[in-house]
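Please walk through this structure with the text below as a guide. The explanation goes sheet first, then the other chains.

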Amino acid sequence: MVKLILKRLLVSVFILLAVSVVVFAATLLLPGDPARAILGQQATEERLAALRTEMHLDRSPVERYLLWLGGLFVGNFGTSTTTGGPVAGLLSERIGASLILMLCAAAIAVPVGVAIGIYSALHRGTRRDQAVTWSTLTLAALPEFVIGIVLVTLFATSVFRVLPAVTMSPPGQQVWEIPSQLILPTLTLALVVIPYIIRMMRATMAEVMDSGFVEMARLKGVPERQVILRHAFPHAIGPVAQVIAIQLAWLAGGVVVVEYLFRYPGLGQALIDAVAFRDVQVVQAVSIIIAAVYVLVNLVADVVGILANPKLRSAS
Amino acid sequence: MSTPDLDPEVVATPEPGAVETPPKESATRSRPLPARVWAQTQGKVGVVLTAAVVLVALAGPLLAPWLTGYSPTEFADRPFQSTGVFGTDNLGRSVGARFLAGGLLLLAYSVLATALGLVVGCTIGMIGGYAGGRTDSVIMRLNDIVLAFPQLVLALLAIVVLGPHGWVLVTVIGLTHAPRIARVARAATLGVVSEDYIRAAEMYAVPRTRILAREVLPNITGPLSVEAGLRLTYSIGAIASLSFLGLGMQPPAADWGLMINENRIALSVQPWGVILPVLAIAVLTIGTNLLADAVARATESTTVEAS
Amino acid sequence: MGDPASSRTGPIGSDRAVRREHGLPVAVELSRRRLLGGSLALGSLGVLSACSAPTAFEVDADAPPVQGGTLRVGLSGGSSADSIDAHITVNSGDSARAINLYEPLVERDDEYKIAYRLAESMEPNDDGSVWTLYLRENLKFSDGSDLTADDVVFTFERVTDPEDPKTNASNLATFDRAVAVDDRTVEVHLTSPNAVLDDALAQYSMGVVPRDYDPENPVGAGPFKLKSFTAGVSTVLERNPHYWDTAPHLDQVELLNFNDTDALINALLSSQVDCVGQIPVALVEVLESDERMAVLNSATGMWLPFTMRVDVKPFDDVRVRRAFRLAVDREQMIDQVLSGHGRPGNDMFSPYDPSYPRDFPQRDQDVAEAKRLLSEAGYPDGLTVELVTAPIQSGVVEAAQVFAQQAKDVGITVEIRRVDTTTFFGDQYLQWDFAQSFWYTRNFLPQARNCATAEAPFNETAWTDQEFTDLLDTAQAELDETRRNDLIRKAQQRLYDDGGYIIWGFANQVDAYQRYVLGLRENSTGLPLSGYTFRRVWLGEVS
Amino acid sequence: MSGVTAERGWRPQRDAALSMRGLRVAARGGAEILHGVDLTLTRGEILGLVGESGSGKTTAGLACLGHFRSGLAHTAGSVRLEPRPASSEADDGGEGLELMGLPTDRLRRLRGSCVAYIPQDPALSLNPVLRVGEQIREVLDTHGYGESTGDRDARVEEVLADVGLPSTAEYRRKWPHQLSGGQQQRIGIAMAFAMFPDVLILDEPTTGLDVSTQSHVLDTIRSMTRQHDVASLYITHDLAVVAELADRIAVMLRGELVEEGTVQQVLQAPEHPYTRRLLDAVPDLAGRKVLTATGQLPAARPSGSDADGGKATGGATAPSETGPREPEPGREAPLLEVKHLRKSYGRTPVLQDVGFSLRTGESTMVLGESGSGKTTLSRCVAGLIEDYEGSIALNGKELAASTRKRSNDERQEIQYIFQSPFSSLNPRRSIGQSLSVPLEMSGKLPARERRGVVEDALDSVRLGRSFHDRRPGDLSGGERQRAAIARALVNAPSVLICDEITSALDVSVQASIIDLLNRLRSERGLALLFVTHNITLARHVADRIVVLNQGVIVDSGPVDDVLENPTHDYTRELLSNVPTL
């Protein structure tokens with residue numbers, strides 16, 4: 001088992017390295033001089049040259065890549081072309097804010113999705129199950145900004161004016177210190193993710209409920225509650241954990257649109273702003289961070305999958 | 001087929017061992033896929049919704065001046081007025097006309113991106129699944145690298161480097177779909193490759209490309225068409241999202257996503273500029289998603305039969 | 001203009017550097033038109049509040065100002081490069097901080113006239129090469145220390161430091177040295193005569209700072225002092241107990257940054273902020289329809305021109321430039337781009353300058369003449385040009401779209417190429433053949449120095465007419481206003497006839513605020529929210 | 001058939017433990033699955049319920065537990081649990097307990113305690129994430145066995161010992177996947193017996209197990225049922241197993257019980273024609289009967305290899321008339337020769353120095369249980385496995401490993417038929433399309449002539465030309481296997497490799513396929529490599545036999561020699577474990 005997990009870990013590391021190459025290659029493709037972008041039109045040649053040296057722009061691409069990669073490990077994400085300051089400082093608080101948002105969304109989406117999914121699977125074919133199916137199909141189809149705009153219209157600007165439509169962090173306070181402004185972004189993200197969890201949970205649960213060992217458990221006289229909790233549910237965990245992981249990983253990307261919509265001061269917001277200003281160093285950093293979260297969550301899911309499966313667990 | 005006692009197909013056509021009985025006419029010949037899709041409520045609703053929006057998107061650009069009295073770029077009034085049926089947008093153009101004209105590009109780009117994703121994904125997925133071994137692991141690792149980026153992030157990265165052009169959108173959305181489609185194609189191919197008819201073809205030394213095209217491809221169309229439907233839904237969502245972020249379709253193009261971006265500021269006073277495109281995108285994606293679901297259900301029943 | 005201050009690292013790329021250069025108001029009397037528009041706007045506001053059915057609250061605007069309270073201000077823009085330095089003002093938020101933390105010697109008032117602040121009076125010598133400034137009595141900094149002539153001298157030296165020139169250095173290009181004659185008198189010596197030095201001093205980036213000034217712990221003489229500051233996020237100011245003028249009504253002002261107009265409006269609508277600066281003009285009606293909100297609509301001298309490079313094809317042919325100028329339907333531009341909240345332009349900047357040539361015939365769309373000119377220039381079947389646009393200011397991208405539509409009538413096909421602001425102000429800035437720009441209110445001479453001479457740092461139209469530059473030089477040294485204006489008018493004629501700018505209009509500055517916010521007045525500087533003069537604002541009693 | 005069986009055979013009816021009367025079950029779609037079934041299970045007796053796939057036997061068995069799979073519903077009839085003095089659960093005033101319509105909760109309490117179930121596939125029925133000890137204990141916990149947890153633990157140990165498994169704590173902590181198929185099934189049995197049930201339903205519990213394992217499991221079942229005086233219903237398709245185990249036999253055909261009686265009655269004097277057909281179709285180790293499913297043309301067995309050859313007469317296709325060859329072992333050069341064949345997957349050797357030869361027209365059976373390497377062997381010969389060591393020669397010429405590297409002619413000479421007819425034909429292509437692939441690839445015939453050849457092949461496997469344009473989905477398993485055989489025939493091969501081609505088919509279909517193969521052999525002079533796990537088929541199809549055990553040939557020679565004088569222990573054990581009628 002340890003071997004399996006280690007192997008999986010190695011794969012993740014390899015993927016992250018490859019991702020860093022892709023992201024870095026993006027800079028090389030870009031026309032223009034980052035040093036000039038930072039210093040502006042009127043910069044003197046001496047200052048440009050000095051900054052180029054400082055940013056290693058005078059080195060070969062391979063050297064630059066290695067220096068950049070080395071920097072990542074010590075938290076040095078480079079220099080922002082728009083602010084001229086270090087990218088790490090720009091992003092450090094935003095990472096926390098984004099994580100909070102993702103965690104809140106996950107904390108709502110996972111239990112709700114799992115519960116509704118199980119409920120639906122156990123009531124297959126009933127009207128309530130069909131209602132669940134239709135709502136999940138509908139919700140799953142909608143792009144996140146559509147859901148977000150509808151929520152804003154409903155709860156913030158037009159119908160009820162009960163919740164803040166945008167996020168603000170008044171001086172000295174972090175975003176999460178004002179919980180009311182987390183509600184709409186969290187809800188939007190959760191609503192995007194929940195249908196997938198429901199559908200997967202329902203399908204897996206339905207499949208497990210039809211399996212031989214569940215039939216056997218029933219034929220052993222095991223009470224239905226126990227059939228579900230002891231026999232069926234543990235089986236659904238593996239596949240559902242994968243889907244939940246994919247969805248949580250999706251959150252890492254999904255926050256981009258939602259943060260933009262709600263002006264939530266997170267990574268996604270930083271990414272959009274950086275794209276609008278063509279701040280490649282920030283785009284690189286955010287892409288790498290999001291990809292890392294993505295890979296990490298998938299890794300965790302696979303490890304959970306390995307641990308949930310006694311066959312793999314007992315494999316030496 | 002481990003519990004054949006249950007399978008109604010088998011119950012209906014028992015094998016009594018009487019091989020000499022005259023060959024019976026097929027009672028179990030499956031109906032064609034469209035009919036099976038249409039037979040479901042999901043399928044019907046999906047077809048109707050999708051068709052409605054597609055119709056608007058295709059015919060809209062031609063009908064816009066005739067129906068609304070304005071061309072999509074003509075100025076009808078000052079911005080955000082209630083002139084005409086649906087009022088004016090952020091530049092004072094007719095929302096109705098721009099709505100009618102705004103679906104075509106989105107639809108075309110989404111279809112192109114999905115098609116690109118399908119061709120690329122299907123090819124590499126099938127090759128990976130069929131070749132197995134090292135080829136497979138190399139392909140799948142490459143896949144994982146692309147999959148390590150959320151789709152939108154990769155799209156943004158591409159847009160930063162290449163600019164928000166139509167071909168960039170189509171290519172990047174299509175290529176980010178490809179690994180996901182490849183996974184499905186590969187899984188489906190793996191299911192098919194273990195079948196003996198593939199071994200039979202191998203045995204007869206049928207060229208590998210022909211095996212993929214004739215033996216494998218027709219047998220994975222079920223999952224692939226489901227995936228195509230899903231990917232189309234996501235393509236629409238992704239391209240609309242990028243336009244919404246102001247990084248997709250560029251002004252002065254009439255486009256639903258862009259309309260939302262331009263007009264959402266006046267949501268409370270001139271809601272049509274947002275509501276119409278939001279509705280259209282919602283109806284379209286819901287339609288394609290229902291359709292994909294119906295196709296999934298329809299192909300599931302045949303997969304069971306064929307296994 | 002000398003060496004512009006853009007060599008400092010920090011601002012959002014070069015566009016910030018540009019904005020900094022643009023935001024310099026210059027004196028002009030209040031135009032009649034603006035007065036009229038202003039009273040109309042006020043009137044309609046009054047009607048609105050009078051007519052509106054019983055709202056959730058009533059505010060008694062006539063009651064005496066209320067002391068205390070915190071004003072929450074929503075600002076668009078802002079980044080981690082935001083500054084609280086008195087003399088480095090890049091974006092709108094920096095201006096807001098500088099205006100409220102520091103006090104200049106003179107300032108532009110609501111009507112764009114010179115008003116004395118720390119200075120009691122100032123006067124030039126006979127040839128305009130030395131100006132003498134007289135300070136008010138008992139001036140103190142926010143830490144309670146005295147403000148003397150030495151501090152003023154230090155301020156001049158700091159701004160014009162050749163090693164590290166600050167924002168306003170370009171306006172003080174002729175500065176030679178400043179001498180403290182006594183505690184309240186300063187002499188400013190110039191290298192060449194300047195008749196309009198008062199304009200160069202009436203800048204918000206000219207606040208007086210103490211000799212031991214430390215931008216990290218800023219001390220100024222403004223109505224407020226700094227309580228906390230997080231770049232790109234928020235700034236908190238509190239009342240300065242040592243302010244020389246009437247004490248501000250507010251206890252505290254919070255400046256909150258929003259990167260997106262949409263968010264700004266939503267924050268206002270959901271009462272997360274009390275007022276917001278610079279809303280899109282298209283939203284005026286939206287906000288006016290909300291009985292809780294009021295709109296401050298100020299006419300300004302801000303312009304969003306199209307820029308044609310006069311040295312490249314096809315714009316090197318003056319007939320093509322004229323045809324393009326005649327292709328624009330200026331009223332429609334104002335309607336579509338500014339929702340009517342602006343005034344048509346006549347291809348001439350600086351409407352508040354006393355020299356503004358109101359008698360030049362107003363250009364308007366003339367399809368036949370434009371076609372004729374194009375045909376003469378060798379384009380009988382029209383031509384296709386690429387227009388580079390970027391969201392450098394609200395309305396710019398929209399203007400490009402409207403222009404593209406209008407130009408069709410003349411046979412000009414405009415292909416819009418939208419780029420991001422960094423690219424726009426990147427390596428190719430000033431190289432675009434046909435692009436756009438924006439400038440805030442300022443007077444003719446400083447404006448022309450910035451954009452229309454061979455030495456101008458932002459010569460977007462590649463306008464290097466020597467005769468024009470000579471006229472500017474002579475005018476700047478001319479102390480007699482009438483003669484100066486005559487010289488200026490000759491220069492204006494050159495630009496009007498042959499220039500590369502298409503100046504289709506001047507945009508209003510439109511802000512919005514909750515109706516309980518009182519004391520905001522229309523202001524022509526182009527800066528939002530009454531030119532950020534929060535010292536006059538109070539929060540009305542809500543009943 | 002022990003004496004005990006005979007004694008119990010006529011036990012009085014009052015000992016009935018469960019009776020089913022007029023049970024009708026229908027699919028929710030409307031089609032009826034059971035058309036009024038009557039069954040009585042008697043204490044201490046095993047009733048064998050025999051039927052082919054789709055006959056509804058599992059549905060009837062599950063009805064005894066009051067359980068219907070999803071999509072099925074009880075429409076009429078009753079299932080009663082008869083009272084037993086010792087049983088408290090089923091005691092219902094001496095009247096018995098009607099299971100149909102019983103509230104779920106009461107049904108639940110009966111299941112596992114009064115009525116126990118042993119499923120077909122232990123691998124699917126044991127919960128893979130629960131330790132086996134826990135799964136047995138769960139039954140005890142659920143039904144409140146004993147006074148304390150100690151009692152229950154003791155019972156788990158006891159019942160494990162009863163089924164012949166180690167009762168150590170370590171063993172109880174094992175996961176299902178760590179056990180072999182036979183052990184898994186014994187866990188299933190232990191679970192069923194844990195609560196001392198009155199009635200036991202066994203649903204094909206030995207299908208999928210090797211012969212020797214099957215024999216052990218059957219022994220366990222037999223002793224446990226006898227020991228605990230349980231009324232058992234043994235559901236199977238295998239008449240031979242029933243003959244060994246059951247006291248009475250009931251035969252089901254398409255949802256109806258067509259015959260019931262004691263083992264002797266049913267096996268020796270079957271009344272219903274279907275029963276007779278079934279019995280005729282069962283292969284016989286002694287090879288004394290001619291396999292025929294429907295009383296059609298009897299199988300033609302090639303002569304010259306076996307003393308019983310003379311009995312294979314009475315057909316137009318007698319070998320003497322069509323057979324052009326009389327194989328003469330030793331003289332003729334072998335058609336196919338396999339020498340020193342080695343193959344391993346990773347470090348696991350699958351084939352170790354395997355060698356045998358096949359002469360023209362000869363039929364050799366490769367016999368082996370699962371994991372013996374028999375399929376690997378046959379695929380090596382067919383060219384489907386590329387990296388083996390050793391040589392395979394056709395007509396004295398060594399073949400390339402991969403079929404792709406073999407010549408066109410070589411490819412045509414050797415044809416391979418796959419185990420599962422459900423998998424060997426592309427469901428998206430018509431039979432005609434699939435069958436013309438070999439012709440297409442050999443490229444000898446112009447496209448327009450192919451159809452004729454394919455139709456001839458369909459005729460020769462007795463499918464008829466109308467099958468040309470049909471798709472596999474429309475065909476039954478037997479029909480599909482015939483189509484697959486036809487595909488092997490279109491290129492007129494000389495060697496036919498049949499890899500377990502009847503194992504997925506019902507016995508009656510198996511019989512007809514065997515019959516067909518024998519006819520084809522005699523008509524076309526085909527050499528046959530018949531790969532199977534079923535030794536009882538030996539005398540029906542083969543001249544020679546090769547016994548493969550764990551990749552090694554342990555026995556080989558003419559069929560009679562090997563069957564009568566097995567030289568290897570493995571062969572002997574195999575023979576002794578084969579259930580026979």
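How many bridges join strand β3 of chain D to strand β8 of chain D, and do they run parallel or antiparallel? Five bridges link β3 (residues 46-50) to β8 (residues 231-236) in chain D, and the two strands run parallel. One bridge partner pair is L49(D) with I235(D) in β8(D). Helices (H or I, at least four residues) and strands (E, at least two) are DSSP runs, numbered from the N terminus. Two strands pair if DSSP finds at least two bridges between them. Strands of a sheet pair through backbone hydrogen bonds, either parallel or antiparallel.

This is a predicted model: local features need pLDDT of at least 70, side-chain atom pairs count only at pLDDT 80 or more, and totals for chains, interfaces and linings use all residues. Residues are numbered from 1 along each chain as its sequence is written, chains are lettered from A and ligands numbered from 1 in the order in which they are written, and side-chain values use heavy atoms, with hydrogens and water left out.

Now widen the view to the sheet in chain D. Six strands form an open sheet in the order β6-β7-β8-β3-β9-β10, with mixed pairing. Neighbouring strands are turned by 15 degrees against each other on average, direction ignored.

Helices pack on this sheet. In chain D, helix α9 (residues 211-228) lies across β3, β7 (199-203) and β8, running at about 155 degrees to β8(D). Helix α12 (residues 273-281) of chain D touches β3, β9 (248-253) and β10, and its direction makes about 105 degrees with that of β9(D). Axes are lines fitted to C-alpha atoms, for helices over the stretch in contact, and angles run from 0 to 180 degrees between N-to-C directions.

Turn to chain A. Its helix α9 (residues 212-219) is mostly covered, with six of its eight residues buried. Buried means under 20% relative accessible area, exposed over 50%, partly exposed in between (1.4 Å probe, protein chains only). F213(A), M216(A) and L219(A) are among the buried ones. What do the buried residues of α9(A) pack against? They pack against α8 (180-209) and α10 (224-262) of chain A, together with α2 (57-63), β6 (115-118) and α4 (122-125) of chain D. Contact means heavy atoms within 4.5 Å. After α9(A) comes G221(A), with a positive phi near 90 degrees.

S120(A) sits in helix α5 (residues 87-122) of chain A. S120(A) counts as buried because its relative accessibility is 0%. Leaving out residues up to four places away in sequence, S120(A) touches D129(A), V132(A) and R202(A).

Chain C has 16 helices and 21 strands. Of its 543 residues, 66% are buried. Most residues other than glycine have a negative phi, and most peptide bonds are trans. Chain C holds some exceptions. N138(C) has a positive phi of about 55 degrees, and lies in the loop between β5 (130-135) and α4 (149-159) of chain C. Is N138(C) buried or exposed? N138(C) counts as exposed, because its relative accessibility is 71%. D347(C) also has a positive phi, near 55 degrees. D347(C) counts as buried, because its relative accessibility is 2%. A cis peptide bond joins K313(C) and P314(C), with omega about -5 degrees.
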